[in-house]
Amino acid sequence: MQDAPTGLKTFQTYIDGKWVDSVSGKRLLTSDPYTGKPWAEIPECEAADVNNAVEAAYRAFDNGPWARMTQTARGRVLRKIADLIEKNANYLAEIEVRDNGKLISEMSAQLKYLPEWYYYYGGLADKIQGSVVPVDKPDHFTYILREPIGVCGMIIPWNSPLLLTGWKLAPALAAGCTAVIKPSEYTSASLLEFMRLVIEEADLPPGVVNVVTGYGQAAGEPLVTHPKVSKVAFTGGSLTGSRVASLAGQTFKKVSLELGGKSPNIVFDDCIMEDAVSGAISGIFAATGQTCIAGSRLLVQENIHDEFVEKLIDMAKTAKLGNPMSFETQVGPVTTPPQYEKILGYIDIAKGEGANCVLGGGPAGADMGGGKYFVQPTVFTGVDNKMRIAQEEVFGPVLSVIKFKDEDDAAAIANDVMYGLGSGVWTQSIKRATTMAQRIRAGTVWVNTYRAVSFTMPFGGYKSSGLGRENGQDAINEYLQTKSVWISNAPGGGNPFVMKTAADD
Ligand code: NDP
């Protein structure tokens, strides 16, 4: 990173172990969502850059030092990456806040936790093992190898760039794969600094990890369609995810998708009310609602609805908007201008649909502690689950409150969306908790908590929320493939099929 005469920071990207500009020399600007002003410029990569990166990753995978490294040695590299993230966590958190406007309190915690992914998968690297199979043929020795799948294309959104990279990169490296990462055009800086401070310092051989910065279509699509990419791991919106999966399917790549959500946060009348209120609030207003697991549908049992909503509004009103770099701030700006417009558009849609706006409902100007891309924490009551505000992902600080009667009703409403990513249940009854955990069709059910994630626990979606799982031991399978080896000691190779010759007739 250098200071340009314009006052902007200038980044290069990292391909084949070298810092390079884009082949075309083009650059794009990246802005600070708090000020709305550009602060850095990054290379605008296109198909030629993607090709260079994929070829480098392919060489590194096929026959480089990485390919020949033992699994134990690869594990050691992952642990070194973890140590280096730990060392640079504060700085990397600040760069993330600068680029995506999320709160420094949240990003600092996230960056301090991130090393655990690399420690965990570093530990798993030499526990990937095949098996010997008792095949049903005499005099054969048969075994199964579990091999790295190859070059992995990783497409990362703007909401938590380094965390969501880690969810893909750590298991991929542990499996022995190589990577080409395309961050969001809005938030590439932290990944480039991660490459400089972590990947370069960890002495990874050239080509093992590469970055192509640029626009989704111009840089993302060539990565998804490149014939030497064997696997695509994507996090982002469901529409883009669907396009990525169909493009990747044309060349039969393995695909994992972590997509959107419209997660139900379900409050029963036997909950601990204070806990449920704060869980509902942090479920939707944390990260300004810009998380795939935002608890954007709050289902409240009808006999406690009014009391609950009153307490919810009292607490939500106290949310402190402001500079995301301040540890005092509780709600920051929206990350991108299109996202800001999209959220305001949905607020208008909800009003038009007849939902009652009982809190917020518009932009938050400087008088409210906000600024250019701030939206007021917004709560709608009287929402019917059929409304668009209840069905479509807003990805902003907008909560829809929906009443329900009983467990059957709650389960029916919870499942009546195209998504199935997260869900919450607030109850003191173990019977109710386990029943609901079984009935909700979502990849994660939290009981009396919300938004908890861990490197040990599989994460992913049902229905239109995704395909495959990240985190936990399962995730390593996303980066492996299976090979069957047959060795025959049988006479004639044990092959029962004998070719007839002309002399036999
Ligand atoms: P996208 O899904 O479009 O972006 C996610 C990533 O995909 C970015 O790196 C993007 O690059 C890239 N991308 C975009 N188009 C293509 C393409 N054709 N081929 C390959 N890669 C592509 O998210 P948006 O930023 O447009 O946000 C839209 C909506 O998606 C949000 O409103 C939200 O609902 C949802 N979303 C969900 C996320 C989640 O965590 N599940 C994260 C982010 C968004 P670039 O940014 O350069 O366009």
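Tutor: Start with S464, which is partly exposed, with a relative accessible area of 27%. The model is a predicted one.

Student: Why is S464 called partly exposed?

Tutor: Buried means under 20% relative accessible area and exposed means over 50%, with partly exposed in between. The value for S464 is 27%, so S464 is partly exposed.

Student: Where does S464 lie, and which residues is S464 in contact with?

Tutor: S464 lies in the loop between β22 (462–463) and β23 (466–467). Leaving aside neighbours within four places in sequence, S464 is in contact with S238, L259, M418 and Y419.

Student: What makes T444 buried?

Tutor: The relative accessible area of T444 is 13%. The cut-off for buried is under 20%, and therefore T444 with its 13% counts as buried. T444 lies in the loop between α15 (430–439) and β21 (446–447). Apart from neighbours within four places in sequence, T444 is in contact with L421, G422, S423, P458 and F459.

Student: How do you know that V277 is buried?

Tutor: By the same cut-off, under 20%. V277 has a relative accessible area of 4%, so V277 is buried. V277 is found in helix α10 (residues 273–285). With neighbours within four places in sequence left aside, V277 is in contact with F308, K311, L312 and M315.

Student: How far is V277 from T251?

Tutor: Their C-alpha atoms are separated by 48 Å, and the two residues are 26 apart along the chain.

Student: Why is helix α7 called largely enclosed by the rest of the structure?

Tutor: Count its residues: 10 of the 11 in α7 (residues 189–199) are buried, so the helix is largely enclosed. Among the buried residues of α7 are L191, L192, F194 and M195.

Student: What makes helix α5 largely enclosed?

Tutor: Seven of the 10 residues of α5 (residues 115–124) are buried, so α5 is largely enclosed by the rest of the structure. The buried residues are P115, W117, Y118, Y120, Y121, G122 and L124. They pack against α3 (71–100), α4 (104–113), α6 (161–175) and α7.

Student: How many residues of the whole protein chain count as buried?

Tutor: Of the 505 residues, 56% count as buried. The protein chain exposes about 20700 Å², and carbon and sulfur atoms supply 53% of that area.

Student: How do you know that the radius of gyration agrees with a compact globule?

Tutor: A compact globule of 505 residues would have a radius of gyration near 23 Å; the protein chain has 25 Å, which agrees. Along its principal axes the C-alpha trace spans about 90 × 65 × 40 Å.

Student: What does the domain assignment give, and how far apart are the centres?

Tutor: The assignment gives domain 1 (2–259 + 465–483) and domain 2 (264–447). Taken over C-alpha atoms, 31 Å separate their centres.

Student: How many residues of domain 1 are in contact with domain 2?

Tutor: 24 residues of domain 1 are in contact with 29 residues of domain 2. Contact here means heavy atoms within 4.5 Å.

Methods: Residues numbered from 1 in each chain as written. Predicted model: local features only at pLDDT ≥ 70, side-chain atom pairs only at ≥ 80, totals over all residues. Heavy atoms only, no water. Rg over C-alpha atoms; globule rule 2.2 N^0.38 Å. Buried < 20%, exposed > 50% of the residue type's maximum accessible area, 1.4 Å probe, protein only. Areas by Shrake-Rupley, 256 points an atom, 1.4 Å probe, with all protein chains shown as cover. Domains from an automatic or database assignment. Helix = DSSP H or I, 4+ residues; strand = E, 2+ residues; numbered from the N terminus.
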